[in-house]
Structures are given as C-alpha cells and as structure tokens.
Amino acid sequence: MVIQRIQSLMLLIAAVLTAVFCFVPFASVETGSAVSAVMVKDAPVLLILNIVVGLLMFLIIFMYRDLRRQMRMTLLAMVLLCASIVTCGFIVFVGIPGAELVLLGGVSLLVLALLFALLAYRGMKRDHRLLTSADRLR
C-alpha cells in the first residue's frame, strides 16, 4: 500500500502526536523539595478533548472521497487543537498555583500536531484547486 496523498501522512502524524501528548507530562509543580509532573490524566477535560482530537484526526484520513468535508473536519480539528492548547495554559496558569509548562515535552507536541494539521489542510486546498481547474477544462 502506497500513500498517494501527503496530507494523509500529515494527518496521521498529527493524530500520533496528539495521542502521545496524553501520556507525557505537560507541566511540573514544585512542592517543597520535590518536583511532581502534571499529566493529562490529572485533567479529565483535557484528556477527553485530546482523545476526541486524536480520533478525529485519524478519521479524517479516510474522508478522502469528499474533499470539502475533509477540509471542514480538518479545520474543526485545528480549532479543537487550539482549544486544547488554551486549556493547557488555563490549567497551568489558573488551575494549579506554582505550576510551570514543560515546553519540550507536552505543549510542543500539540503545537507540532497543529502545524502538521495545517500542512495537511494546505495539501487539501492544493488538491481542491487542482480538481476545480480540471473541472473547468472539461
């Protein structure tokens, strides 16, 4: 099996990055002399949001027959990824006093997933332009 559309690979990478985010710490809290990690499982809203985004990204790969719907769903997934990033920031800065973001582990995975989703959307847009120009020639 050969992946013919690069955006399918980009969406798969975004889904994997979102799934990996659920298992790595996204913040750390210093309590006295010990530093404890804040995991996604400690925030159920964030966990559910990221599971939904990961599943949505994976399902979008198989919507290749209807390009417009695939583009709309990718936009929805990107909005949900932005909501997840904002929720992370809200949990760290408001919900847990004294917490600091772990930039190299947790939050950067969501930003990379958003970047790959954006690249996939650009590929879909390019395909859409190509299809409309081919329809115009017929």
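The structure shown here is a predicted model, and the description that follows should be read with that in mind.

**Cysteines**

How many disulfides are there? With a cut-off of 2.5 Å between cysteine sulfur atoms, the count comes to zero disulfides. Cys-82 is in no disulfide, since the nearest cysteine sulfur, which belongs to Cys-88, is 12 Å away. Cys-88 is likewise in no disulfide, and for this residue the nearest cysteine sulfur is that of Cys-22, at 9.8 Å.

**Helix H1**

Helix H1 covers residues 6-21 and holds 16 residues, which at 1.5 Å a residue should span 22 Å; the C-alpha atoms at its ends are 23 Å apart, in agreement with that expectation. Which residues of H1 are buried? They are Gln-7, Ser-8, Met-10, Leu-11, Ala-14, Ala-15, Leu-17, Thr-18 and Phe-21.

**Aromatic pairs**

Phe-21, a buried residue of H1, also takes part in one of the aromatic pairs, of which the count comes to two. In this pair the rings of Phe-21 and Phe-26 have their centres 6.1 Å apart and their planes at 45°, so the arrangement is tilted, and both Phe-21 and Phe-26 are buried. Phe-58 and Phe-62 form an aromatic pair that is edge-to-face. The geometry of the pairs is set out below.

| Pair | Centre to centre | Angle between planes | Arrangement |
|---|---|---|---|
| Phe-21 and Phe-26 | 6.1 Å | 45° | tilted |
| Phe-58 and Phe-62 | 5.4 Å | 75° | edge-to-face |

**Leu-104 in helix H4**

Leu-104 lies in helix H4, which covers residues 103-137. With a relative accessibility of 85%, Leu-104 counts as exposed. Along the chain, Leu-104 and Val-38 are 66 residues apart, and their C-alpha atoms are separated by 14 Å.

Key:
Residues numbered from 1 in each chain as written. Predicted model: local features only at pLDDT ≥ 70, side-chain atom pairs only at ≥ 80, totals over all residues. Heavy atoms only, no water. Helix = DSSP H or I, 4+ residues; strand = E, 2+ residues; numbered from the N terminus. Expected span 1.5 Å × (residues − 1). Buried < 20%, exposed > 50% of the residue type's maximum accessible area, 1.4 Å probe, protein only. Phe/Tyr/Trp six-rings, centres within 6.5 Å; stacked < 30°, edge-to-face > 60°.
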